[in-house]
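Visitor: I am new to reading protein models, and I would like to go through one slowly. Could you show me how each feature is read before we look at the case itself?

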Amino acid sequence: MHTSSSDQLREASALLNAANRVVVFTGAGISADSGVPTFRDALTGLWARFDAERLATPQAFADDPALVWGWYEWRRALARRVAPSPGHVAVAALERRTPGTVVVTQNVDDLHEQAGSSTVIHLHGSLFAPRCSACAQPARTAETMPESDGERIPPPSCDACGSPVRPGVVWFGEALPSAALEAAVEAAANADVLLSVGTSGLVYPAAEVPQVTARMGGKVIQVNPAPTPLDPIATVSLRGTAAEVLPALIDAH
Ligand code: APR
């Protein structure tokens, strides 16, 4: 454990113990322990190595569908190869201890589901739900194994209308799935405790979710090796990785 004091861990664990309604709000940091790159960590983050504007916007896909589809196939193949981290496993254990725990994730991998979490709200979609870019029909596509993260792969065509299939993720400039966002805000508003794990808290409207809990009088516990804009609303900020902190926090639960 890095710099999370045992007092802070005890305080966070007591809050979690007393809670009947828990939301776990996660970002790329919880999957970093599985080997999946985050977006904004210096040097290793995806946005430090790639231009989000060229890869994660509707215009990018219109301009160069093969580049964008190839990049998301690389990310999907990576997500398929890795296993849930001790953090994902601890979150699933928390749900067994506090039935009704809701996971609200910004991640597009399925590591929470693989670890056993049963209620997972994906605010930014999923790498495993490609759909037609025109008629939105879900597409069953053969999963490729790109050699590198820059390989161009022409997207498949929709069986129904022939338009290019697109990744099932939310791009910059696109609206979040309204049902998912409403369910996330509802869960956060009713939460006694929201555990925010591995997110920089920079991207809206997702970053609004922990703030709803705080505004409604719930407690926010944060797990992140670094400070974030959510620090001011956190009752406790545990400084460390999800893989280190969550098992200790939840096993003590
Ligand atoms: N354990 C916990 N937290 C970690 C770990 C770890 N092992 N490693 C890094 N972190 C923290 C970083 O300190 C950072 O605060 O995880 C956070 C990752 O932040 P981002 O890379 O910005 O990821 P995220 O917050 O999920 O981004 C939100 O932005 O690019 C869009 O749609 C994308 O869903 C993503 C959204």
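This is a predicted model: local features need pLDDT of at least 70, side-chain atom pairs count only at pLDDT 80 or more; totals for chains, interfaces and linings use all residues.

Visitor: Where are oxygen atoms of the ligand 2.8 Å, 3.2 Å and 2.7 Å from an N or O atom of the protein?

Guide: A polar contact is a pair of N or O atoms within 3.5 Å; within protein, one must be able to donate a hydrogen and the other to accept it, and residues adjacent in sequence count only if both atoms are side-chain atoms. The side chain of Trp-47 has an N or O atom 2.8 Å from an oxygen atom of the ligand, and a backbone N or O atom of Gly-198 lies 3.2 Å from a ligand oxygen. For the side chain of Ser-200, the distance from an N or O atom to an oxygen atom of the ligand is 2.7 Å. On its own the ligand has 730 Å² of accessible area, and the protein covers 92% of this; such areas come from the Shrake-Rupley method with a 1.4 Å probe, and for residues only the protein chains shown count as cover.

Visitor: What does Trp-47 touch, apart from residues up to four places away in sequence?

Guide: Contact means heavy atoms within 4.5 Å. Trp-47, which is found in helix α3, touches Phe-39, Arg-40, Ala-52, Ala-56, Trp-71 and Phe-172, when residues up to four places away in sequence are not counted.

Visitor: Is Thr-26 buried or exposed?

Guide: Buried means under 20% relative accessible area, exposed means over 50%, and partly exposed lies in between, with a 1.4 Å probe and protein chains only. Thr-26 has a relative accessible area of 0%, and therefore it is buried. Thr-26 has its place in strand β1, residues 22-26, and its contacts beyond four places in sequence include Val-103, Val-104, His-112 and Val-197.

Visitor: Why does Ala-28 count as buried?

Guide: Ala-28 counts as buried because its relative accessibility is 13%. Ala-28 is found in helix α2 and, leaving aside neighbours within four places in sequence, is in contact with Thr-38, Phe-39, Asn-107 and Gly-198.

Visitor: What is Ala-180 in contact with, leaving aside its neighbours within four places in sequence?

Guide: Ala-180 has its place in helix α9, residues 178-190, and is in contact with Ile-121, His-122 and Leu-123, leaving aside those neighbours. Although Ala-180 and Leu-123 are 57 residues apart along the chain, their C-alpha atoms are separated by 5.9 Å. Ala-180 counts as buried because its relative accessibility is 14%.

Visitor: Which residues of helix α11 are buried?

Guide: In α11, residues 242-251, the buried residues are Ala-242, Val-245, Leu-246, Pro-247, Leu-249 and Ile-250. What covers the buried residues of α11 includes α1 (6-18), α2, α7 (86-97), β6, β7 (219-223) and β8 (236-238).

Visitor: What is phi of Leu-43, and which peptide bond is cis, from Tyr-204?

Guide: Most residues other than glycine have a negative phi, and most peptide bonds are trans. Leu-43 has a positive phi, near 70 degrees, in a residue other than glycine. Leu-43 is found in the loop between α2 and α3 (46-49), and it is exposed because its relative accessible area is 75%. The peptide bond from Tyr-204 to Pro-205 is cis, with omega near 0 degrees, and Pro-205 lies in the loop between β6 (193-197) and α10 (208-215).

Note on methods:
Residues are numbered from 1 along each chain as its sequence is written. Side-chain values use heavy atoms; hydrogens and water are left out. Helices (H or I, at least four residues) and strands (E, at least two) are DSSP runs, numbered from the N terminus.
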